[in-house]
Amino acid sequence: MRPKRRPPHLFKSCGLYERNRPSSFFHDTTWCTGIFPEGELITQWRQEVVSRPVLPMDDFQAFVPESPIFVDGSCFHHSWAPMRSAAAAVVSKCGCSKAYLLLGLDQTSQRAEIFAVIAALWHCAGNITIYSDCANVVNIVNFLRCCGFSNRGIINLDNRDLWVLFNFMAN
Amino acid sequence: MYKVKAHCGKHDLCQDPFLTEGNSCADKLAKDTARAFLETRQQTACEELALAMSLQAHLVHTLATRSSLFKMLPAEIPAGQDFFPDFIICMLLRPQNSDFSKGFCLFWDMSPTCNPCR
């Protein structure tokens, strides 16, 4: 029986391959087959998109009550989803400050602003005064306060998951 | 809950300085946190993008070279001539710097890397 002939693959023994390959982390398989394995970034991002934003228990009511709270959210929006980044910050007059990253697939500045308000409620007990630079969030919060923080008021709102969380915290 | 003016500078007295200061602190903290997270990912993203693009360039180059060879007899090909010049492949390999702002341009256009002289 004749031995099976194994011709060299299209991308084997290529001079350009030898000159151009990044040596540290490129596997021969990729160059030989053209199959690009899923990278570390995508793997990490896949874990995050199924995660929910979480506030740590250590920060629960950690701020001084009755202190004015400043909240803000920021988002670096990118067309490539793994490169999006959003964060919410809470600063109190007493000098305490906390910042949280927003995980999940949907990251926008609006969600960051809402999450900042939720974080403010998490940090303080009792009646608090919150200052935000987002008019939409301020209007909705004041509207929900008039509704007694009922979930009926958020049926037609965007980012309903965060508003449900907000109502839960406010109640 | 109250609305404050966003990004109001200290020199701008249209708002109570106390509100301006607090708003600025919160804004800076949120931006710094988001940017720090982005920077941790930027290097990895640059490497993975450069890798994917270099592979694409390699595949296109190989296929184009082969198809051009089919059209010409070996005797007709000048020695040392490729279908694409080498620098097109080389410049796609990796960003030329690790600076955040310049490295970030990699995602929008290829101008930082398209310099055959480097």
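Me: Does H4(A) pass H6(A) in a left-handed or a right-handed crossing?
Reply: The model under discussion is a predicted one. In it, helix H4 of chain A covers residues 109-123 and helix H6 of chain A covers residues 160-170. Where H4(A) passes H6(A), the crossing is left-handed.

Me: How many nonpolar residues has the contact of H4(A) with H6(A)?
Reply: From H4(A), the contact takes in Arg111(A), Ile114(A), Phe115(A), Val117(A), Ile118(A), Leu121(A) and Trp122(A), while H6(A) brings residues including Leu162(A), Trp163(A) and Phe166(A). By class, the contact has one charged residue and no polar ones, and its nonpolar residues number 12.

Me: Are H4(A) and H5(A) roughly parallel or oblique to each other?
Reply: The axes of H4(A) and H5(A) lie 10 Å apart, at an angle of about 45 degrees. H4(A) passes H5(A) in a right-handed crossing. An angle under 35 degrees would count as roughly parallel, and 65 to 115 as roughly perpendicular. H4(A) and H5(A) are therefore oblique.

Me: Which residues in H5(A) meet H4(A)?
Reply: On the side of H4(A), the residues concerned are Gln110(A), Glu113(A), Ile114(A) and Val117(A). By class, this contact of H4(A) with H5(A) divides into four nonpolar, two polar and one charged residues. The residues that H4(A) meets in H5(A) are Asn136(A), Val137(A) and Val141(A).

Me: Which strands stand at the edges of the sheet?
Reply: The open sheet has five strands with mixed pairing, in the order E3(A)-E2(A)-E1(A)-E4(A)-E1(B). A strand at an edge has a single partner strand, so one side of it is left without a neighbour in the sheet. The strands in this position are E3 (97-102) of chain A and E1 (2-3) of chain B.

Me: What angle does the direction of H4(A) make with that of E1(A)?
Reply: H4(A) packs on the sheet and touches E1 (69-76), E2, E3 and E4 (130-132) of chain A. Relative to the direction of E1(A), that of H4(A) makes an angle of about 150 degrees.

Me: How many of the eight residues of E1(A) are buried?
Reply: Strand E1(A) is joined to E2(A) by eight antiparallel bridges, and to E4(A) by three parallel ones. In these pairings Asp72(A) stands opposite Ala89(A) in E2(A), and Ile69(A) stands opposite Ile130(A) in E4(A). E1(A) is mostly covered, and of its eight residues the number buried is seven.

Me: Which residue is the bridge partner of Ala87(A) in E3(A)?
Reply: Strand E2(A), residues 85-92, runs antiparallel to E3(A) and is joined to it by six bridges. One of the pairs sets Ala88(A) against Tyr100(A). For Ala87(A), the bridge partner in E3(A) is Leu101(A).

Me: Where does Cys96(A) lie, and as what does it count?
Reply: Cys96(A) is in the loop between E2 and E3 of chain A. In that hairpin, with four residues between the strands, Gly95(A) takes a positive phi near 100 degrees. A residue needs 20 or more C-beta neighbours within 10 Å to be buried.

Me: Which residue in E1(B) does Tyr131(A) stand opposite?
Reply: E4(A) and E1(B) run parallel and are joined by two bridges. In E1(B), the residue opposite Tyr131(A) is Tyr2(B).

Me: How many residues does the contact take from chain B?
Reply: Chain A gives 45 residues to the contact. On this side of chain A, the elements that give two or more residues include H1 (15-20), H3 (40-49) and H5 (135-146). The residues of that side divide into 30 nonpolar, 11 polar and four charged. From chain B, the contact takes 37 residues.

Me: In what order do the elements of chain B run?
Reply: Chain B has three helices and one strand. Of its 118 residues, 19% are buried. From the N terminus on, the elements of chain B run β-α-α-α.

Methods: Residues numbered from 1 in each chain as written. Chains lettered and ligands numbered in written order. Predicted model: local features only at pLDDT ≥ 70, side-chain atom pairs only at ≥ 80, totals over all residues. Axes fitted to C-alpha atoms, helices over the stretch in contact; angles between N-to-C directions. Left-handed = near helix turned anticlockwise from the far one by under 90°. Contact = placed C-beta atoms within 7 Å. Nonpolar A, V, L, I, M, F, W, Y, C, P; charged D, E, K, R; others polar. Pairing = 2+ DSSP bridges. Buried ≥ 20, exposed ≤ 12 C-beta atoms within 10 Å, placed from the backbone. Parallel < 35°, antiparallel > 145°, perpendicular 65-115°, else oblique.
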